[in-house]
Structure formats: C-alpha cells, structure tokens
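Reader: I have a structure to study and I am new to this. Can you take me through it in short questions and answers?

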Amino acid sequence: MKVLGIESTAHTFGVGVVSDEHEDFILADERANYVPEKGGIHPREASRFLAEKAPEVLRRALDSASISLSDVDAIAVALGPGLGPCLRVGATVARALAAFFKKPLVPVNHAVAHIEIGLRITGARDPVIVYLSGGNTAVLAFLKGRYRVFGETLDIALGNLLDTFAREVGLGPPYVVGGFHVVDRCAEKGRRLLELPYVVRGQDVAFSGLLTAALRAYRQGADLEDVCLSLREVAYNSIIEIAARCLTQTKKREVMVVGGVAASPILRAKFETLAKIYGVDMYVVPPKYAVDNGVMIAWTGLLAYKSGIVIDIANAVIRQRWRVDEVDIPWRR
Amino acid sequence: MEKVDDVLADLLSEDIVVITDRGVRKCRLLHQLKEVWRGAEAVIYRGKLLDMDVVVKWRFPKPYLPREFDEMMRRKRVIDEVKTSLRAYAAGIPVPLPLYADADRGVIVFQYIEGEVLRDVVDTLDTPTLCRVCKELGEYLGKLHEIGIVHGDYTTGNVIVHGERVYIIDFGLAMFSKRLDDHAIDVHIFFRSIESTHIGREETMKKCFIEGYTAIRKDVARVVLSKVDEIRKWGRYVAERKLRSVWMGS
C-alpha cells in the first residue's frame, strides 16, 4: 500500500509518499519552508508562499518516488491543528487530488503525526511522549485508545518562549544556528543564575511569567548571558519535572522527545540523565523528522487508512483547534 | 547518585537517651528507613524517629541541573513545604505535621498518617461516603485558600482516608498566594484529576466538592469557579475558545 501525505499546517509545505511494503518505507520526502525576513510567521504571507510552492513540491515528490498519482492508494492530509490560511492550502490541494483521481481521503491530526513518525523512526513502543515545538509543549502518554495529555503549558509554548525572548533581546532571527538555539548558545557563557519564576502547577507548566521576568531582568541591566542561562534552566527543568511526574505515575519504561525544539543538544543531555535516574530508555526523534514534514502525514495516514479511517471530500474541512486527545487511535492498543 | 543513608548518616547513627516516668532508655534518633515511593523530585521513606512512625521525604540532587540552581530549588521547596504545612496545621486542616526539616540536605520528616490513598479506594466507597469525603476536600481547600495557601497538586492521589478521617498530604508544590487565579488553578487540577481517573464518579465528586468549597468561601467561590472555566480554555487548541470553522467529522 502507498499513501501520499500533505503537510501545510504552518510554515512548511511538505509532500511525502510512504509504503508499508518495504523496511525502507519512505518513497519521497519533499519540502518547501517559508522563512520570514523578520519577526514571526505571518499567516497570510506564509499561506501565499505555500500556495505558490505546492504544485512544484508535489511534482518533485512524485518524481523522486517514480510514481504517478494513480499508483497511490490514498491521499492523507493534515487538517489541523494549525494556522487557518496555511491549513486551507493543503486541504484544497488534497481535496482536489482526491476528487480528480478518485482516491480515498484520510484526515490526519498534525500532533498525532509527529508522534507516529517518531515511534516509527526511533522504534519506541509505548513511551511517555514529550512534545516540544514552536506552538506546543505537552507531555503525553497512550492510554485507553488515545494519546492523553498528561501535562501541558498553561500559556505559551517552549519554542515560543525561546524565540520571543531571542527576538526581543536581538539574538534572532534566525533562532537556530548550527543546530543550537541562539538562547542555548548565549547561555553557554552565562555564569550566574538569577532567580526567575519557576512555574509547575500540578502536571502543567507556564512560561509567560518567566518570559516577562527574563526580559525585565535584561532591561534592568542584568548580563544577557546570565539571563539566557537562567531562562533556559528554569524552562528546561520545569519540562523535565513534569515528564518525570508522568513517568512515575504511568510507570512507562520509555521516554520519547518529539517536535522542533527536541533538536536542542542541551535538552537532550538533560533527558538522557533523567532516563538514567529512572532506568528507562530514551529516544529522540532525529531533527529531519522532528520538524514538520509530509512523510509523517503520509505514514499516519497509512496507519489510519488501514484502520478504515476516511473522510468524505465534502466534509474535509480544516480544524485549527483539534486537540490530540480528541483523536481515536484504533491502530494501537 | 547519592544515597539517603549517606546524606543522613549523622542522624541515623545518633543515639538518644529517653527519660520517661517508666525509666531511662536509649534509642536511635532515626532508623529503619525503607523506600516506599520514588517520585519526580523526591524519594519517600517510612521509618522511625525516636519511637514514632514517620515519613522521610528526601529531595534528591538532580544531576541534570546546575548545582547552584538545584540547591536553590530544593532549599526553596523544603522551606515552602514546611511553612505551608505548619500554617495549614495551625488553621485546623488535617495535614501531617512536619517534625524535622533540613533545607540544606533537602529533607523533611513528617508524622506518619495511617490510611489509604483516596485515588485507590474511590471505587470501594458508596455515593454518600464519597460525597462526604469530597465535601470535606472542598472545605479544606476553601480554608487553605482563605488563609492564603495554594496547594499546587490537589489531587485524589494526595488525600489519605482513614475511617472517618480525611488528610491532605504533599505540600511539595504549595506556596502562599491570595490571587484568585492561583486558587482557580488548584480547583482545576482537582477537577482534572477526577475526570481523568474516576470516570463515572466525577459528577458526584465535583458537586460535593463545590458544596464544601462554597460553604467556606461563600461569594468568592463563584468567582473562583468561573475562573476555572477560563483556565480550561487556556489549553492548546481548545475548540470552545474560538469557533471559526465547523467540523462535521466522518
């Protein structure tokens, strides 16, 4: 079986083709990334870029897989969560392809896709999942048919915190240089730890107070490198703490870190130490598949399609707010 | 990793002479430590302090943290936990009494509370009993908030039930705050803990909890409860927060 998947939830237009016939399951993986000249992602500008690139990326994917659209068994598309204008680009392309080539259309949740591709690539079986990206910070675990949110951020996401801080103090964009986040790099030279608000509530974290306090400290003349170090330690440790709480309560034996921020070597080292303390196995999704891509949509679409999940073209509307814990996962038990 | 036996070596090897009306005898200051639970930031031991049954909570050093930061965190949490526990105890809320604390070593010794964790016995309780327990939990949280304490992890896993008595344990994430937003987060944490673990009983539990909480906080309770609804909508991608597109599903 071959499935073509389309990702366009934020800044990436990705098309992937996967098959369940070979161990080497990725037949094509093509992407185009929107990089804003300054500031963050403007949804309108991003969607314009995605719409321009869509035909070319699709063409490249089909060429590199050496197949035509009539060869695929289903079309999968990320219908949410994400930015509305961007989601509409992918949904429009997917609906058109499904209608014209008379292929079944499979709805995929972007967050579930990050998890599924992580499991497929790392070989983890039933881990505590730490999902860290620009828009998401959550600790999840599979329980009773769904990926349940064990703890999450009550306000802004980790990636959001780091990027906003970097932008406000003039360290970025770009936010990631040579595999290191600019805040991580700046923290390397920090010496003194400042007292910044550390917020863990039950199983949740919160970062907006931390961001405000860090910016205030910087503006009041604190050494930038010290602020970076303190910000990073407070933010990373609060996530490690809720991950540890999830481990002790669910008694799972694995931890998997997914999402764009998972690439941070500093965070990875901390998770490795954590895993050692609890005697669990640690997996990090490699950066190439930790960021947004079409392969993860195709792979999750393949799993879903085999479980009989399809959607009528007329009903395949986007869903900007589609929580991961609303999605049934019939292919796992 | 450090071991608690090394951290507390001096206490574990100290003999105390106890003089009572029944005579003079020698006993160990602290002994018979047995690990009972390893959590995210602390290990819990059962043991004896003099002849009393106690619980020892040791916040172990976190090797993934810079040392200075780790020490600061552990100190702060030990101090906050002891202060809030004592204040709650003094206000008549049933909590285990801290008997000994050492912020530098990250250790607190508590009075041992006999009984069972509410989370494990909810299914064995009949509705009137469960309602009574939850009403008490509402009253205790109301009282805590009235005296400016936020528990930080108010879940059924942190309640001990012994016969007619209900105890609140683990002030490890507690702090002093009079902000109603902080109080609402406590209530939110409690609601979520019952929704995720006590499917089918949550209506009784919530209703009786609110009854108890309102009995203590009167009009303020309404404000706090409306904030709880707001907090739910802070979550990532909660659909009711903003409905721009309609999902018809397959």
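Reader: Where is A:Pro81 found?
Author: Start with the backbone. Helices (H or I, at least four residues) and strands (E, at least two) are DSSP runs, numbered from the N terminus. A:Pro81 is found in the loop between β4 (74–80) and α2 (84–101) of chain A.

Reader: Which peptide bond there is cis?
Author: Most residues other than glycine have a negative phi, and most peptide bonds are trans. Here one bond is cis, with omega near -10°. It runs from A:Gly80 to A:Pro81.

Reader: Which residue has a positive phi although it is not a glycine?
Author: Look at the loop between α2 and β5 of chain A. The residue there has a phi of about 55°, and its name is A:Lys102.

Reader: What kind of model is this, and how are its parts numbered?
Author: Residues are numbered from 1 along each chain as its sequence is written, while chains are lettered from A and ligands numbered from 1 in the order in which they are written. Local features need pLDDT of at least 70, side-chain atom pairs count only at pLDDT 80 or more, totals for chains, interfaces and linings use all residues, side-chain values use heavy atoms, with hydrogens and water left out, and the model is predicted.

Reader: What pLDDT does chain A average?
Author: pLDDT is the predictor's confidence in each residue, from 0 to 100. In chain A, confidence is lowest in strand β9 (residues 176–177), at a mean of 82, and highest in strand β5 (residues 105–109), at 98. In chain A, 100% of the residues score at least 70, and the average is 92.

Reader: Where in chain B does pLDDT stay under 50?
Author: Chain B averages 89, and 93% of its residues score at least 70. Where pLDDT is low, the predicted coordinates should not be read in detail. The stretch under 50 is residues 240–250 of chain B.

Reader: What ipTM does the predictor give the complex?
Author: The predictor gives two values for the complex. The pTM is 0.84, and the ipTM is 0.75.

Reader: How much area do chain A and chain B bury between them?
Author: Contact means heavy atoms within 4.5 Å. By that rule, 47 residues of chain A are in contact with 43 residues of chain B. Buried area is the accessible area (1.4 Å probe) that two parts lose on being put together, summed over both. Of the area between these chains, 57% is on carbon and sulfur atoms, and the total is about 4,100 Å².

Reader: Which three residues of chain A supply more of that area than any other three?
Author: Together they supply 18% of the area that chain A buries against chain B. They are A:Leu193, A:Arg201 and A:Arg321.

Reader: Why does the pair of A:Asp204 and B:Arg192 join two chains?
Author: A salt bridge is a side-chain nitrogen of Lys or Arg within 4 Å of a carboxyl oxygen of Asp or Glu. The side chains of A:Asp204 and B:Arg192 meet in one, at 3.3 Å from N to O. A:Asp204 lies in strand β12 (residues 204–205) of chain A, and B:Arg192 lies in helix α6 (residues 180–197) of chain B, so the pair joins two chains.

Reader: How many salt bridges cross the interface of chain A and chain B?
Author: Over all chains the count comes to 49 salt bridges. Across the interface of chain A and chain B, the rule finds four.

Reader: How far apart are the two domains of chain B?
Author: Domain bounds come from an automatic or database domain assignment. For chain B it gives domain 1 (4–111) and domain 2 (116–245). Their C-alpha centres lie apart by 27 Å.

Reader: How much area do domain 1 and domain 2 of chain B bury between them?
Author: The contact takes 16 residues from domain 1 of chain B and 16 residues from domain 2 of chain B. Of the buried area, 71% is on carbon and sulfur atoms. The total is about 1,300 Å².

Reader: Which residues in domain 1 of chain B lose the most area to domain 2 of chain B?
Author: Together they make up 42% of what that side buries. They are B:Thr84, B:Ile93 and B:Pro94.
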